[in-house]
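Open the structure in your viewer and keep the selection tool ready. This tour goes stop by stop, saying what to select and what is there.

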Amino acid sequence: MGRIKYKSTFNYLVKIFLICMVGVSINLLGAYIVKFTGLPIYLDSVGTIIISAICGYLPGIIVGLVSGMLKGLLINPMSVYFSLINVLIAVCTACLARNNLLKKPLGIIGFICLLTIIGGGHGSILNWLVSELYNGVESLRAHLAKDMYYDLIDKTISVIIMLIVLKVLPKSLQDKMNTEGWLQTALTSDEVQKVKKGHFRVFSLRGKILFVLIAACLSVGFISMIITKILYRNYTVDEHLKITQATADLVKGAIDPDMVDVYLSEGESAPGYKETEAKLYNIKNSSIDIQYIYVYKIMEDGCHVVFDLDTEELKGGEPGDLVPFDESFEEYIPDLLAGKSLDPIVSDDTYGYLITAYSPVYDSQGVCKCYAAADISMDLVKTKEFSFMVKLVSLFLGFFILVVALGLWLSEYNIILPVNTMSMSASAFVYDSEESLEKNVERIKGLKIETGDEIENMYQAFTKTIENSVEYMNALQKKTETIAEMQNALIMVLADMVENRDENTGDHVRKTAAYTRIIMEKLLEKGIYTDQLTPQFMYDVEHSAPLHDVGKIQISDMILNKPGKLTDEEFEIMKTHTTAGSEILDQVIETVPESSYLKEAKNLAEYHHEKWNGKGYPHGVSGEDIPLSARIMAVADVFDALVSERVYKKAFPFDKAMNIIKEDSGTHFDPNVAEAFIESADKVKAVMDYYNEKYHGIKK
């Protein structure tokens, strides 16, 4: 899918609006086709499925909700409460499309089944909850089977239409319908996944935002529904109290007060009794809310039946029957006996949970002859309340999903992705060269985060800080390089001072440094001592190698430049140049304790005359107890001494010197180091020839 960073929020919103209106129009068109053709299906989610598959979950949810609202206004009021089905269809479609499951046959079949369960299953249960208890529709099982059957047909047709649209609609147009709201340089799908897979110490920002959204929506929704339920119950009860009282008044109007005593004594044979009873049945049948209608003459011994209409569940009393007072009416008996008017009464006794209204019937003399009564069952009120709450919850869930989806979408493009992208870019910083640093800065500046809020301010500050840091690091790098060059120059000057006292050594320090580099590179190539041969170690050994004989500065010139063989006493003095060098470098290390090259220089100075078999000096250590840098220098030092001319000897030929190194491998020298040196014979000879020509004019 193409990824676009929108230059104008207005243009982006217009695009979203137009896309959603197209989806809503398709849904309404399908609903009208079904309405006018009488088909037993719906076709009101085709637009939702198409828009969700192409544009994602947010436009799909909007299409589903708006379609339900408009269908409720224009076609079927109950459709409003089924908007949740369209919302769930949008979420499922977008999720499957994003994971490319709608391109596989099994995925499509599973998709149709899932939509059928959502539409037929959820829809059937919802319809049963809001209608069964109140309207007496068929049983849930039969209703569910029928709805699932027709919904399978409906969703199969809808998915086929979606597949046709996806096939016919050009890929370029589908890409233009992309509704990703980038407020920065758009990331690729792989980059988005990488950004989202960050590791967090406690909880991700996305998770926290989702938690807050859900908690806020549920809290507000729960409180709102409780308040709504209370208000609805109060309103419903008030309305039913009015209906009950109005019904009782209608019954009162149908009674002839002067005939009450005749009705009591003669019953149904009394003149006008049947006609009056018929009027009362008409009143009862005028509303399904009316549970009972009866007329009682209240006397000391109880209620004497004048009229008592039959119901489907209960046969009414006969004229003259005596009905005892219910306990719940005891407090009202004095007023009833006195013929006073009463407010409607809510009771829960022998005949159930009822609202009862008693209206006194007065004769022409103002005497209360009886009471006209009407009962409305509170069970019906509770049923209506339950039905209303189910509808309310269904509607709330639809908007709840929309709010959460919108909140996640806004936070994704305004907060989460910009912040995580900056974090990822900072984590990817490479400090190995000036060029790398410049690329890091360009990558950060290339994000172009333009959220227009604190996130953008943070990005600008972040970018400025990075630029300043890189400038500082470049300057620091140049200073470091200058210091390193000065350090190496000073080392070489110091080495030259020592070397100039020893008339035998010549360019020894430069050649041995070059040989150490050759040996280390070959060892690394062979995979030997790789844990020690780090770039820093190799740099330190090569550049501190000239200091390996720094201790000779304390050796007398008479011994240092003696043309013949040294006596035993003189040789013992000569051997002290190793410990003297170590002591000199110890003093320097105290001044610069964090310098790694000085530590290797100390190892080189102190141990470069030790032997692999432990017969060297000054400590007689053996094997790998000798520092690796000193074992490398031992080979380089001895080889250069062999091939160099001294006042007391001629230079050995190259091949003979290499044979001596080979022969002493495993006794004087580390076998691995000696082998690496021998295998690098061409490079070693090139270095030897270069210095012979440069300093002595000897051409190979």
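Predicted model: local features only at pLDDT ≥ 70, side-chain atom pairs only at ≥ 80, totals over all residues.

Residues are numbered from 1 along each chain as its sequence is written, and side-chain values use heavy atoms, with hydrogens and water left out.

**Stop 1: the cores**

Select Phe111, Val159 and Met162. They have the most contacts inside the largest nonpolar core, which has 43 residues. Such a core is a set of buried Ala, Val, Leu, Ile, Met, Phe, Trp, Tyr and Cys residues joined through side-chain atoms within 4.5 Å. Buried means under 20% relative accessible area, exposed over 50%, and partly exposed in between, with a 1.4 Å probe and protein chains only. Among the elements giving two or more residues to this core are helix 1 (9-37), helix 5 (105-135), helix 6 (140-168) and helix 13 (378-427). Helices (H or I, at least four residues) and strands (E, at least two) are DSSP runs, numbered from the N terminus.

Stay on Phe111. Beyond four places in sequence, Phe111 touches Ile49, Thr93, Leu96, Leu102, Val159 and Met162; contact means heavy atoms within 4.5 Å. Now pick Tyr515, Val541, Ala674 and Phe677. They belong to a second, separate core of 39 residues. In soluble globular proteins, nonpolar side chains tend to be buried together.

**Stop 2**

Where is Leu231? Leu231 lies in helix 9 (residues 205-254). Leu231 is exposed, at 55% relative accessible area.

**Stop 3: a buried aspartate**

Select Asp375 in strand 6 (residues 368-377). Asp375 counts as buried, at 4% relative accessibility. Beyond four places in sequence, its contacts include Asp289, Tyr292, Leu354 and Thr356. Tyr353 is 22 residues from Asp375 along the chain, and their C-alpha atoms are separated by 9.6 Å.

Move to Thr311, in the loop between strand 2 (302-308) and strand 3 (322-323). Thr311 is buried too, at 14%. Thr311 touches Lys284, Gln291 and Tyr292, leaving aside residues up to four places away.

**Stop 4: cysteines**

How many disulfides does a search of the whole structure find? The search finds zero, a disulfide being a pair of cysteine sulfur atoms within 2.5 Å. Select Cys303. Its sulfur is 12 Å from the closest cysteine sulfur, in Cys370, so that is too far for a bond. Cys370 is in no disulfide either; its nearest cysteine sulfur, in Cys368, is 6.7 Å away. Cys303 is buried at 5%, and Cys370 is buried at 1%.

**Stop 5: a loop between helices**

Go to the loop between helix 16 (508-526) and helix 17 (535-544), and pick Leu533. Leu533 is buried, at 3%. Leaving aside neighbours within four places, its contacts include Met520, Leu523 and Leu628.

**Stop 6: backbone angles**

Most residues other than glycine have a negative phi, and most peptide bonds are trans. Tyr529 is in the loop between helix 16 and helix 17, with a positive phi near 55°. Leu43, in the loop between helix 1 and helix 2, has a positive phi of about 55°. Finish at Tyr617 and Pro618, joined by a cis peptide bond with omega about 10°. Pro618 lies in the loop between helix 21 (596-607) and helix 22 (628-643).
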